[in-house]
Amino acid sequence: MPPIGIDAVALAVPTGYLELTDLAKARGVPSTKYHEGLLVTRMAVAQPYEDPVVLAANAARRLLITSGRRPADIGLCVVGTETAVDHAKPISAYLHGLLNLPERCRVFESKHACFGGTAGLLAAVDWIASGANRGRVALVVCTDIARYAMNTPGEPTQGAGAVAMIVSANPRLLAIDVGLGGSYARDVHDFWRPLNRKEALCDGHYSITCYLAALTSAYGAWKEACGEAGVNVELARTCYHVPYGKMARKAHLHRLALDGITGAEAEASFTREVASSLDLPSLAGNIYTGSLYMALASLLHLEGHEIEGRRIGLFSYGSGCTAEFFSGRVVAGAGAFARSLQLAAPLDGRRRYTMDEYEALRRHEDQADFAPLGSIEAPADAMAFLGVDGERRVYARLAPIEESTMPNGHLGNVININKLQAAKLRLL
Ligand code: HMG
């Protein structure tokens, strides 16, 4: 069987963010609590027109353009999300339409809190391993808007964004160790998002305990599987699910302690093996399903070249809860290819919101779910959610992929509502 894994990655984030020093000041908290206590710097904040479908579509469009893959290559499209826009119609169905994917395509949405994207990735790997792909590749997109109520401990750990991945045979970035993943599940109430509200509820400190218990068990199961298969468990780097950077640090020290490594050696290992994966996540915040894969993108962006040929670990955690520890080998040439994907570009050129703007956005974030949006401004070459009209969600489909140049952050011309209205008319 040829190697199977992650062939290419692209990110999308909203056009604006909140600097967490501003949030700390407004909430009367020392900014060191956020910067050093939680290891977070900025959190991405979505405008009403930047819903999870739009974030997914922007990441996937960027991925198709940067990776050189065509919509016609895709035979499976899975969207992992815990920010669904409908009980029945999945985000993957909107994505299928917005990207002009082929009719002969298996399309579905996958949910288990932050684990939904990993469930999609592993389903894609199995689809290829089974031979059902017949030469085609899978598109897996993780998309979410992380929301907690204002003035709660979870508020500085919000974020928003999407990560799109091509999963294929003979991947150009990461060959996954197929069949060696260590799984874990337990019914807990650590974090949940009831159907009648957009904001998550959580038992914050308990959720940390649940995450670490899941890591203990899933890591043990992965090591056992590797032992049975005669696979070396030495890991050059490990990427963790990153609700906030400090959680990944706690996780790494916890994992090392399970192997009897503590103190200065463990601290040095964190700096060497995990820190670079937290760079991009610290600028976007928790993006739920995509957080682990933004960490992977950060690692490949900063260190892809150095770790070619080496095995890395990945830990995915979804509250509620389930988890998987799995691994893969960074492919030869991955460093140069990751550089060509310009993974960090979407995080450049964003607008810094004031606290007043952030709070106004939070107060009005539901409006687009019931009526057409009023005046909005969106960057050129991006998708936009135009609100709900006649009980249907309406999206602006901009230039087809064939006519697009590579999206470069958010610096395109601003298109105004009149052009979006025209796009809307074309869609309807
Ligand atoms: P909190 O209770 O306000 O914070 O919220 P704290 O008092 O625990 O302080 C946090 C850290 O800052 C501590 O360090 C303090 O010592 C330190 P630690 O003991 O953890 O090493 N600190 C300071 N450091 C420097 N200068 C200071 C200062 N003050 C304090 N002045 C909490 C923290 C994580 C509970 C909150 O943000 C929260 O509820 N977040 C949401 C839940 C969450 O992210 N859980 C993570 C695990 S569950 C998960 O990852 C799944 C999830 O992504 C959802 C999904 O699966 O769908 C959330």
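Predicted model: local features only at pLDDT ≥ 70, side-chain atom pairs only at ≥ 80, totals over all residues.
What is the order of the strands in the open sheet of 3 strands? The order is 3-2-15, and the pairing is mixed. Strand 3 (42-45) and strand 15 (351-352) stand at the edges with a single partner strand each, so one side of each has no neighbour in the sheet. Strand 2 (residues 16-19) pairs with strand 3 in the antiparallel sense over 4 bridges.

Residues are numbered from 1 along each chain as its sequence is written, and side-chain values use heavy atoms, with hydrogens and water left out.

Next comes helix 3 (residues 52-67). Helix 3 has 16 residues and reaches 22 Å from its first C-alpha to its last, close to the 22 Å expected at 1.5 Å a residue. The expected span of a helix is 1.5 Å times one less than its number of residues. At its N-terminal end, helix 3 is capped by D51, which has a side-chain oxygen 3.0 Å from the backbone nitrogen of V53. This is a polar contact, meaning a pair of N or O atoms within 3.5 Å; within protein, one must be able to donate a hydrogen and the other to accept it, and residues adjacent in sequence count only if both atoms are side-chain atoms. Just after the helix, G68 takes a positive phi of about 80°. Helix 3 is mostly covered, with 15 of its 16 residues buried. Buried means under 20% relative accessible area, exposed over 50%, and partly exposed in between (1.4 Å probe, protein chains only).

T143 lies in strand 6 (residues 137-146). With a relative accessible area of 0%, T143 is buried. Leaving out residues up to four places away in sequence, T143 touches several residues, among them P52, L55 and A56, where contact means heavy atoms within 4.5 Å.

Strand 14 (residues 322-330) has several partners. Strand 8 (residues 174-176) pairs with strand 14 in the antiparallel sense over 3 bridges, and I176 has G328 as its bridge partner. Strand 13 (residues 311-318) runs antiparallel to strand 14 and is joined to it by 8 bridges. Strand 13 and strand 14 form a hairpin with 3 residues between them, and G320 in the turn has a positive phi of about 120°. Why is strand 14 largely enclosed by the rest of the structure? The reason is that 8 of its 9 residues are buried.

The loop between strand 8 and strand 9 holds G179. G179 counts as exposed because its relative accessibility is 73%.

Helix 6 (residues 204-229) has 26 residues, which should span 38 Å at 1.5 Å a residue; the end C-alpha atoms are 37 Å apart, which agrees. Its buried residues include S207, I208 and W222. The elements that cover them include strand 9, strand 12 (237-240), helix 7 (245-258), strand 13 and strand 14. After helix 6 comes G230, with a positive phi near 70°.

S269, in helix 8 (residues 263-273), is buried, with a relative accessible area of 4%. Apart from neighbours within four places in sequence, S269 is in contact with H252, L256 and V274.

The model also holds a ligand. Of the 29 residues around the ligand, K33, E82, C114, H205 and K250 come nearest; a residue is near a molecule or strand if one of its heavy atoms lies within 4 Å of it. An oxygen atom of the ligand is 2.8 Å from a polar backbone atom of P153. H241 has an N or O atom in its side chain 2.8 Å from an oxygen atom of the ligand, and N286 has a polar side-chain atom 3.1 Å from an oxygen atom of the ligand. Taken alone the ligand exposes 1,100 Å², of which the protein buries 76%. Accessible areas come from the Shrake-Rupley method with a 1.4 Å probe; for residues, only the protein chains shown count as cover.

Notes. Helix = DSSP H or I, 4+ residues; strand = E, 2+ residues; numbered from the N terminus. Pairing = 2+ DSSP bridges.
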